[in-house]
Amino acid sequence: MFAVIPDSTRVGQNGTAKETLRVRFHFVLKRILIRLLRCGFVGAAAFLFVARVCAQSSTVETPEANPGRPTVSTPATLTPVGYLQFENGGLYAETSPEFTTLFGINQVTKLTVASRLQLLALSEPLAQASGATGDALSGSRPGEVFAGFQAVVLPGEGHKPTVSLSYIRRLYASPAPELDIGTFRNSALILLSDDLAGFHFDINGIFSEQTKGTIRRGQFGQTLSISHPLGRLTVAGELWHFTQPLTSRNAVGNLWAVSSPVRKNLVVDAGFDHGLTSSSTQWEGFAGFTYLLPHRLWGFHDPQ
């Protein structure tokens, strides 16, 4: 990301409501896959995967990937030290105050340079929108670019959770429309991750600076993601809330996703998000993968 989408449907109509939701979800995922194929994203991902599989194997066992997607919440734990991790995906959204439809490709690169410090680069190589409103523009163009870091302040041990702090700054502002949570110039996060009774919890507190011209406003957000393994699948549910300081409203939504490891260092995912307020994007569907490069960037091992 527990929260459940509010349902005013009568008991006798539950079957119809569930069928409508299932059809909607399948339609959104189909649109995502079509757009990904048009952009060559799937082909690039497949090429990268096959190339790495065919590469000469290392004598050092490859560690597991630590996905931060597809939930809004970011885990407090870091990726393995010295390994590059790529988190890539496509998103299709519709019915939002800023646009009619939006398709975007997003990419996050992570590199942990020390046991408690991780560097981050976030970008949206493509944003394609229709029906944009306000200062946003329709059409296809690059999205925004961010960079930052994440540092562990309290490492998890036994029943103690992992607690981290993160800072992210915008490097490039795009005229493409945004989702309901808007965009920020600076953002600071408090992250907490823990395991309890077979469930994994990721909790984020987010403090951001939003700007419009000379106006500067503070934004506050909270996210709670809970996941649980079911065989080789991991099912995640999330509830999130963000203030919308430039419009004096609130965006609230819930997210459901599944992920599965193809290999230790390759995890695929898919899911959907539903907005619960009138100022929220009503429907979002997404699919993507997390890939940890199997070769370390420098030649020493973590101390045991």
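Below are some friendly questions and answers about this model.

This is a predicted model, in which local features need pLDDT of at least 70 and side-chain atom pairs count only at pLDDT 80 or more, while totals for chains, interfaces and linings use all residues. Residues are numbered from 1 along each chain as its sequence is written, and side-chain values use heavy atoms, with hydrogens and water left out.

Q: How many helices and strands are there in the protein chain?
A: Helices (H or I, at least four residues) and strands (E, at least two) are DSSP runs, numbered from the N terminus. By that assignment, the protein chain has two helices and 13 strands.

Q: What percentage of the residues in the protein chain is buried?
A: Buried means under 20% relative accessible area, exposed means over 50%, and partly exposed lies in between (1.4 Å probe, protein chains only). The protein chain has 304 residues, and the buried share of them is 43%.

Q: Which residue forms a salt bridge with Lys-264?
A: A salt bridge is a side-chain nitrogen of Lys or Arg within 4 Å of a carboxyl oxygen of Asp or Glu, and the count by this rule is six. For Lys-264, the closest N and O atoms of the bridge are 2.8 Å apart, and the partner is Glu-61.

Q: How many residues apart in sequence are the parts that this pair ties together?
A: Lys-264 sits in the loop between strand E11 (249-263) and strand E12 (266-275), whereas Glu-61 sits in the loop between helix H2 (41-54) and strand E1 (84-96). Lys-264 is partly exposed at 38% relative accessibility, and Glu-61 is exposed at 62%. Because of where the two residues lie, the pair ties together parts whose separation in sequence is 203 residues.

Q: Are Lys-110 and Glu-87 buried or exposed?
A: Their side chains meet in a salt bridge, at 3.0 Å from N to O. Lys-110 belongs to strand E2 (residues 99-114) and Glu-87 to strand E1, so the bridge ties together parts 23 residues apart in sequence. As for accessibility, both Lys-110 and Glu-87 are buried.

Q: What is the angle between the ring planes of Trp-240 and Phe-242?
A: Rings of Phe, Tyr and Trp (its six-membered ring) pair if their centres lie within 6.5 Å; planes under 30 degrees apart count as stacked, over 60 as edge-to-face and the rest as tilted. Trp-240 is buried at 4% relative accessibility, and Phe-242 is buried at 5%. Their ring centres are 6.0 Å apart, and the pair is tilted because the planes meet at 55°.

Q: How far apart in space are Val-268 and Tyr-291, C-alpha to C-alpha?
A: Val-268 is in strand E12 and is partly exposed, with a relative accessible area of 35%. Leaving out residues up to four places away in sequence, Val-268 has contacts (heavy atoms within 4.5 Å) with Val-258, Ser-259, Ser-260, Val-262, Gly-288 and Phe-289. Val-268 and Tyr-291 are 23 residues apart in sequence, and their C-alpha distance is 8.8 Å.
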